[in-house]
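Thanks for coming. I will walk through one structure, starting with how its parts are named.

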Amino acid sequence: MAEAAVTFLLENVSKLLKSHCDLISGAENELEQLKNELGLLKDLLQKTEEEEPFMRKIERQIREVVCDVEDTIDSFLWAQAVAAKAKTGFNPNGGVSLAKELKSLREDKVKPMLEFAYMQIGDGSTGIISTTAEEPWTKLKKVHQLNMLQENVLSFEDEEEKIIGYLKEETEELDVISIIGNGGLGKTTLARNIFHDQRIDYEFPTRIWVSISSDFRKKNVFLHILEKLTLTRDKMKYKTENEDDLAGMIRSLIEKRKFLIVMDNVWSTEDWDELKVALPITNRGSKVLITSRDASLGRHANPKRVPHQMRYLNPDDCWKLLQFKVFGGETLCPPELENVGKRIAHRCGGLPLSVCLIAGILLDETNIKTWQKVVEKTNTREFMEYVVLLSYNSLPDHLKLCFLYIGMFPEDFEIPVWKLTRMWIAEGFVLQVPGMSLEDIADNYLAELICRNLLMVDRVRPDGKVKTCRMHGMLREFCQIKAGSTEINLFQEVRKPMKIKAASRVCIHSHHVLDFFSCLQPNNYSPFVRSFLCFSKDELVLLPGQCLLIPKAFELLRVLEVKPIRFTRLPRELMLLLHLRYIVLSTNMRILPEAFSELRNTQTLIIDTTWRILEIRADIWKMVQLRHLKTNASAILLKPPPPDNFSNEGREQQELQTLVNISSESCTKDVFDKARHLKKLGIQGRLAAMLVDETERFDCFWKLRDLENLKLLNDVFPSQPSEGRLPRLPPPEKFPAKLRSLTLSATFLDWEQMSVLGNLENLEVLKLKDNAFVGESWEMADGGFRLLRLLLIEYTNLVYWKLALGSGHDHFPRLKGLVLRKCAELEALPDGLANVASLHVIDLFCTSKTAVASARKIQEMRGYLGKGRELIKLSIFPPDR
């Protein structure tokens, strides 16, 4: 972890010397010397085995020194910014005072630390220099290697059959089934396998999964169930209701349905008693499946049924699982490792989680000494705790902070990978590698944590990349304890109004947010906090005075993730947080003020607003570090300056990768010339002028050579959506060449125009929403969509869908998923889809009964086609169709 901290500080010092000469006048020499000494320290850390006793001794010293230097420099820059805002001008002696402080730190702490380290190296007895050390990134696993590891999960076939048998039993009233066992035995894995079993799909048309945390709020659980039952994300519709009324709504919605509700990780009998009030006891055809560590809970919830106790794996099963996880199921274990491997498996004590974590340590490792070392270290009474510690200690230095950082997310939280990796980057945990973007490096970090079984894949994108992930409860507990220790002091979770300690990051998960702000007083400010995160499930509104507390209490913030908190105004003091790199906030404002331009270090900016249009008066072209700009509204951008007028900072603006959503009026040649390295682009507004008229606006799209994801939302409000109908699409050659994912909404195109999209050579995902295409008939010509993996059609008046006769096997050669939502007039799916060998999932939502019947026919036809073809999983809602 020390190397990552030193690298981040070294980069900051280099930027300071390059970009802020006016602020640091008088301190240049000290900063240059500091830069040189940090470089020496970084070289030392890269070449040294961190397990050496002397390295463990100075690890904490290094982090403390880095924090002191960072605080000194960041506080100086903040003070200069405050002086500039107050129009008192920069302190002319500021650089001199900074130089004195840096000199004191260097002479009192940095130099003695370096001298001690080189003294240890120089005695020739420690052997700490590693001449064959690999660069950390050479060991990283690529994201696409995860599929096989994640799809072949531990099998509980006999236990699955037993529980499924319980679920199919007829009972006189609502039946509660419980799965009981210690942490790490695989309760959640077993429950998920059952929940997604195709037989359960047919048996229970209504299925809901609910994760219950140790500090859950009953109202939030009820809101989640209602969201799934009503298929709406508008929680505000029910938010004003009290808990009893919400429970009554749930009962009325499911009392006559056949449902299965899984409540994962219920902690106590008291928790169950709070939740069961929403369940109709008299519903004799329905089931509730509970997982818990509390053995008494199962008997309490249903005295008539014996709880299912999770068994421990036998030694043979442990050994099979260990081999699979280490060698990937394809390569056999080398004979010389078999005996030691079986000893390791035996010492796992039958815990699947232990096996998986140890496998992560031994991943692709064939050195018998390493395996023997694991055997020696796993002979301990508190085995599970030690295995987690062993897994942590085996991580490369650059991954330890990334792993512990995940403990800031709430229990059983579905973590968006895009969010997590951008936060890592903003925190400075991601080390730059020549020839790679920080985002790609962060993706590799994530991949390695998953390969080591320290993170679980939750949802996967159509292209195979991980979309969301989760952390096992035991691992999260470890992260919180380790990160909160005085040794590391990474973050502090605020569970109630309390004084903030010396932690560098603060996170709040629960309903104590407003209480926290009400008790936040000057004597409780923490000026050296670098990150403030709020993951409350409730939407909160701060009073104007409370909005000021964040910039006042946390002057040196780098990460501000507070989407649940809605700002009624954005205080100007917020613009003093010049170190901010990652910002996510909600507001009632329709203008992003010009002052936001002053946040020059911002890399990720996400604004959620209640307005349809967001006018961005901030000059994002001056924010030279900005990489990702996202908003839920149609954003109007300032026009970039002409190329001849670009400042030196403007000439360096090559980092912008994400623009979502921007107005169609902002899609100009100047904008795309300035942001030509975009990878993701969302456009919202009147698309006709851009897509149809012979203007240069869409013609310049082809210049976006790196663009992979494009979303086009045709918004003609206040006119009727149909009035914005597009007569045609541009020809295929006008689209970006690398385009892999395309979403169209409310474009009202004729189905004939689908041939244009079929000729996009690299298209893998196509989503057609809200009448993107209209008309009774779509006859698909042969030869298009050669790489398409997912096709979603949502809300259209399509009646007849046909494939060209005689060549059905040539259609959609790589299609895996077909999703049809609210296609109520569609009579049937084309029979030729049965010949699409790759098709694995058909998801029908609110389609006609005849369309459902045709999908079932396609499913049956696939069964007749013989071996070598995947069976099609069919999902239907509502179930009576």
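Helices here are DSSP runs of H or I with at least four residues, strands are runs of E with at least two, and both are numbered from the N terminus. Under that scheme Asn661 sits in strand β19, residues 658-663. Residues are numbered from 1 along each chain as its sequence is written, and side-chain values use heavy atoms, with hydrogens and water left out. Please keep in mind that this is a predicted model: local features need pLDDT of at least 70, side-chain atom pairs count only at pLDDT 80 or more, and totals for chains, interfaces and linings use all residues.

Now the whole chain. The secondary structure comes to 31 helices and 31 strands. Of the 881 residues, 54% are buried, where buried means under 20% relative accessible area, exposed means over 50%, and partly exposed is in between, with a 1.4 Å probe and protein chains only. Taking a contact as heavy atoms within 4.5 Å, and counting contacts between residues at least 6 apart in sequence, 68% join residues at least 24 apart.

Next, the backbone. Most residues other than glycine have a negative phi, and most peptide bonds are trans. Which bond involving Asn661 is cis? The one that joins Val660 and Asn661, with omega about -10 degrees. Another cis bond runs from Phe717 to Pro718, with omega near 10 degrees. Pro718 is in the loop between β21 (709-714) and β22 (741-745).

Two residues deserve a mention for phi. Asn453, in the loop between α21 and β7, has a positive phi near 65 degrees, and it is buried at 12% relative accessible area. Phe812, in the loop between β28 (800-803) and β29 (817-821), has a positive phi near 45 degrees. Is Phe812 buried or exposed? Phe812 is buried, because its relative accessible area is 0%.

On to charges. A salt bridge is a side-chain nitrogen of Lys or Arg within 4 Å of a carboxyl oxygen of Asp or Glu, and the count by this rule is 39.

Asp158 is partly exposed at 47%, and Arg311 is partly exposed at 32%.

Glu172 pairs with Arg284, the closest N and O atoms being 3.6 Å apart. This pair links distant parts of the chain, 112 residues apart: Glu172 in the loop between α6 and β1 (175-180), Arg284 in the loop between α12 (269-275) and β4 (287-292). Glu172 is exposed at 64%, while Arg284 is partly exposed at 45%.

Lys258 and Glu203 also meet in a salt bridge, at 2.8 Å from N to O. Lys258 is in the loop between α11 (243-254) and β3 (259-264) and Glu203 in helix α8 (198-203), so parts 55 residues apart in sequence are tied together.

There is also a network of salt bridges, linking Arg192, Asp412, Glu414, Asp458, Arg459 and Arg470.

Last, Asp440. This residue is in helix α21, residues 438-451, and is partly exposed at 35% relative accessibility. Its C-alpha atom is 10.0 Å from that of Val430, 10 residues away along the chain.
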